[in-house]
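Let's walk through this structure together, one step at a time.

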Amino acid sequence: MTNNQADKQNITLILGLGALALIRPLMKITGFIHIFGSEAAGSIVMTILISIAWILIVISKEVHNPIKILVLAGVSYAAFAIILSGILSPILDGSLQGPLTNPIALVSVLMTNIIWGLVLGMIASAIPYKKN
């Protein structure tokens with residue numbers, strides 16, 4: 001596999017992981033998050049499940065640098081969530097709300113998800129796996 005092919009696979013993986021994490025806000029928007037009892041409990045459970053999925057996917061793919069991949073996955077999720085909020089808040093609430101209306105919130109969303117990806121990447125890096 002060439003470096004260009006590996007880069008394309010990594011970009012697809014990063015965007016796919018970011019999209020996977022959209023399950024949580026979509027569950028919140030649809031109200032399906034309440035299957036866990038409350039919105040707070042549902043958000044925590046879904047964040048844990050998504051985190052486990054990210055780690056398992058990165059390990060199963062045997063990526064060369066899981067920290068880089070998961071930090072960038074956090075950035076892609078943040079971008080997707082910001083865009084989703086920008087599209088859906090005017091439709092659902094009648095006006096633009098969320099991070100796009102507040103620069104501090106925008107930076108906060110990005111930093112939170114960068115840190116989330118960094119922590120998960122460090123966990124994934126620490127888990128030994130068997131190469132074929």
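In this predicted model, start with helix α2, which covers residues 23-30. Helix α2 packs with α3 at an angle of about 155 degrees, and their axes are 9 Å apart. Angles over 145 degrees count as roughly antiparallel, so α2 is roughly antiparallel to α3. The crossing in which α2 passes α3 is right-handed.

Which residues make the contact? On the α2 side you can find I23, R24, M27 and K28, while α3 brings in E39, S43, M46, T47 and I50. Sorted by class, the contact of α2 with α3 has four nonpolar, two polar and three charged residues.

Now turn to the packing of α2 with α4. Here the angle is about 15 degrees and the axes are 10 Å apart. Is α2 roughly parallel or roughly antiparallel to α4? Angles under 35 degrees count as roughly parallel, so α2 is roughly parallel to α4. Helix α2 passes α4 in a right-handed crossing.

This contact is made by R24, P25, L26 and I29 of α2 together with Y77, L84, L88 and L92 of α4. By class, the contact of α2 with α4 has seven nonpolar residues, no polar ones and one charged one.

A pair of aromatic rings is described by the distance of the centres and the angle of the planes. How many aromatic pairs does a search of the whole structure find? The search finds two. In one of them, the rings of W54 and W116 have centres 4.5 Å apart and planes at 25 degrees, so this pair is stacked. The pair links distant parts of the chain: W54 sits in helix α3 (residues 39-61) and W116 in helix α5 (residues 103-126), 62 residues apart.

Because Y77 lies in helix α4 (residues 66-93) and W116 in helix α5, the pair ties together parts that are 39 residues apart in sequence.

Buried means under 20% relative accessible area, so W116, at 17%, counts as buried. Y77 is buried too, with a relative accessible area of 5%. Put together, W54, Y77 and W116 form one aromatic cluster.

Key
Residues are numbered from 1 along each chain as its sequence is written. This is a predicted model: local features need pLDDT of at least 70, side-chain atom pairs count only at pLDDT 80 or more; totals for chains, interfaces and linings use all residues. Side-chain values use heavy atoms; hydrogens and water are left out. Rings of Phe, Tyr and Trp (its six-membered ring) pair if their centres lie within 6.5 Å; planes under 30 degrees apart count as stacked, over 60 as edge-to-face and the rest as tilted. Helices (H or I, at least four residues) and strands (E, at least two) are DSSP runs, numbered from the N terminus. Buried means under 20% relative accessible area, exposed over 50%, partly exposed in between (1.4 Å probe, protein chains only). Axes are lines fitted to C-alpha atoms, for helices over the stretch in contact, and angles run from 0 to 180 degrees between N-to-C directions. Angles under 35 degrees count as roughly parallel, over 145 as roughly antiparallel, 65 to 115 as roughly perpendicular and the rest as oblique. A crossing is left-handed if the near helix is turned anticlockwise from the far one by less than a right angle, and right-handed if clockwise. Contact means heavy atoms within 4.5 Å. Ala, Val, Leu, Ile, Met, Phe, Trp, Tyr, Cys and Pro count as nonpolar, Asp, Glu, Lys and Arg as charged, and the others, Gly among them, as polar.
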